[in-house]
Amino acid sequence: CEPSQRNRVKMRDKKDKEKTQITDDPVKNFDKWKRKYNKTKKRVKLVQKTTKKRDWEVERGNIQKLVNKYSEIKPKEAVKFSDFPLSKKTLKGLLEAQYRQPTEIQRQTIGFALQGRDVLGAAKTGSGKTLAFLIPVLECLYREQWTSMDGLGALIISPTRELAYQTFEVLRKVGKNHEFSAGLVIGGKDLKDESEKIHRTNIIICTPGRLLQHMDETATFHASDLHMLVLDEADRILDMGFADTLNAIIENLPKTRQTLLFSATQTKSVKDLARLSLKNPEYVWVHEQAKFSTPATLEQNYMVCELHQKVNMLFSFLRSHLKKKIIVFFACCKEVQYLFRVFCRLRPGISVLALHGKQQQMKRVEVYNDFVRKTSAVLFATDIAARGLDFPAVNWVLQFDCPEDANTYIHRVGRTARYKEGGEALLVLLASEEKGMIAQLQKKKVPINKIEVNPEKLVFVQQKLEAFLAQEKEQKERAQRCFVSYLRSVYLMKNKDVFDVFQLKLPEYAMSLGLAVAPRVRFLNKAQQQKSGVTQDNSGTAGHESEDDLKSFKAQLKGEQSKSQSSQSEEEEDDDEDENKDEETLKPAALLCGFNEEDEDDQKDQDLLTVKRKDVFNINEESQDDEVNKQHASGVITVIAHF
Ligand SMILES: Nc1ncnc2c1ncn2[C@@H]1O[C@H](COP(=O)(O)OP(=O)(O)OP(=O)(O)O)[C@@H](O)[C@H]1O
């Protein structure tokens, strides 16, 4: 071969040799790789720096994508929650809480709420209204990329502490993937402690009284950035009892907010809604065309029973429903307090619990949770348990006393037959209440049948009650208070076609409670005298009373109840008692029938205010001013929790 060709071959061999030498030398090889790697890393970083968005920018992009889809929401086609343009965090929360498919009220309202519309939503009890407003609340704050620095963004007002507590628990469940803070403001022992946290809370679930107290007294708390206001059980919150408080709250809220109202018995009264300055609200009345206003799975009956047989009837009922979960509604606290105690002593064979507005808040929460957990038990309750509470698997709702009106009836029976479950309801009426009440129920499309009681099946407990009262003075006093309170509750009912206290047979009623003699009822005597036109001017006090009557009556006519009246709880009564006194004597029996010791230091309930009950004779006047002061000073539990 030619010399030049030989040279070329030589050079190539040399190069090949060098090449293999480098590949075989790991140090040199690594250095080379490292140089190359650094170069690439620099280049990638540069590219990333110019193209990569920050997290919040990504989130903002996601939000924009969701918002763009709002106009395309088709409620009729939404089968799953994921068919709505909801954030991943909310969808995850719903899924984790086992909520997959929206209920009818959720399907029909979520879209409007996401679009920023004001909504008035009404649907039967147990149909899922809570999520219908909680989902939009979460989405609203998510859309605004709300942080704790932004303070209050959404406000949910409930008529009772129990309902607020329950809503808070649902919010914690479905909102757990969001970073917002949420607080339960239902009255607290330590206002100062609460005040320190409240300004950092993004979602507040509250009862009206305590919220207003913060608005008045907590300097750092303001609601000027509020985006969403929710009134749960709106008709209740809008009615006369909460008028002053709600008006004062609304004065502190920005007009630009979005407002959602939900209830099973919705208001459409223009006067009521005007206070909220709703903007072109969307009315969603899911069951407006439905044949009945109560759940289809609820079987409803009523029976007529004489007043003095009611206790026997209740005991007999419980004896024949020992394995069931039952709620019994009474007209007033004192009735619940007395009958709860004697029923524990009677040992019906089923665990007896009591929930009413005079219990301390801790006790109320304890009883609430206890009843949630139990599979069979009977809960004696006032109307603080009538609205919104979602106790699982309640079989029966028994209304021992006639409800104030058809709406209260609907809410009470709604504690059973919830979300596709079945349930039964029994209403106990006096003969004098039957015609008026049944007419009201029929007008409200409530299907109810009359049943007869078999007198032979009644178990008589009067003698046992007499024996209890003979043993314990306190018990006797409780029975007397129960007697007077029940009469007062009937007397204060507005609808005189249904409630007529003068038709009640008082001596028989007293005996049925175990009392040998009917206690003196001063207000009835007074009322009787007024009824029969007897003037008391010479007594010196009558003139003063009638002036007060007139004032209060005028205030009611104007729809501006006096402060004392509007703050007066339905459950508040003027006679104090020390419920702890007889714990010692009650303990043995209590243990046997699952009785929880009641530490019912009389505490004034702030939840349910006087509604639709005219106190034209100012029976409660002595206690009212005191109560207002006490309400402002008294402490009730508050929890501020963060997700
Ligand atoms: N989408 C859903 N899927 C399954 N269960 C649901 C759904 N939405 C609500 N529920 C369940 O239905 C029950 C009733 O819901 P909720 O308490 O919200 O009813 P409500 O309409 O507010 O009743 P009320 O009128 O008595 O206040 C609850 O136990 C709740 O967990």
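## Basis

This is a predicted model: local features need pLDDT of at least 70, side-chain atom pairs count only at pLDDT 80 or more, and totals for chains, interfaces and linings use all residues. Residues are numbered from 1 along each chain as its sequence is written, and side-chain values use heavy atoms, without hydrogens or water.

## Cysteines

The whole structure holds 0 disulfides (pairs of cysteine sulfur atoms within 2.5 Å). Cys 482 is in no disulfide either; the nearest cysteine sulfur, that of Cys 332, is 6.4 Å away.

Cys 402 is buried, at 4% relative accessibility. Cys 482 is buried too, at 0%. Buried means under 20% relative accessible area, exposed over 50%, and partly exposed in between (1.4 Å probe, protein chains only).

## Ligand site

The shell around the ligand has 21 residues, each with a heavy atom within 4 Å of it. Gln 101, Lys 129, Thr 130, Asp 390 and Arg 418 come nearest. Helix α6 (residues 129–143) gives the largest share of the shell, 3 residues. Helices (H or I, at least four residues) and strands (E, at least two) are DSSP runs, numbered from the N terminus.

Tyr 99 has a side-chain N or O atom 2.9 Å from a ligand oxygen. A polar side-chain atom of Glu 233 lies 3.3 Å from a ligand oxygen. The protein covers 88% of the 640 Å² of accessible area that the ligand has on its own (Shrake-Rupley method, 1.4 Å probe).

## Helix α16

Helix α16 spans residues 406–413. 8 of its 8 residues are buried, so the helix is largely enclosed by the rest of the structure. Among them are Asn 407, Tyr 409, His 411 and Arg 412.

## Positive phi

Most residues other than glycine have a negative phi. Ala 417 has a positive phi of about 55° although it is not a glycine. Ala 417 sits in the loop between α16 and β13 (423–429). Its relative accessible area is 3%, so Ala 417 is buried.

Gln 145 also has a positive phi, of about 50°, and is not a glycine. The loop between α6 and β2 (154–157) holds Gln 145. At 27% relative accessibility, Gln 145 counts as partly exposed.

Terms used
Polar contact = N/O pair within 3.5 Å; in protein donor to acceptor, adjacent residues only side chain to side chain.
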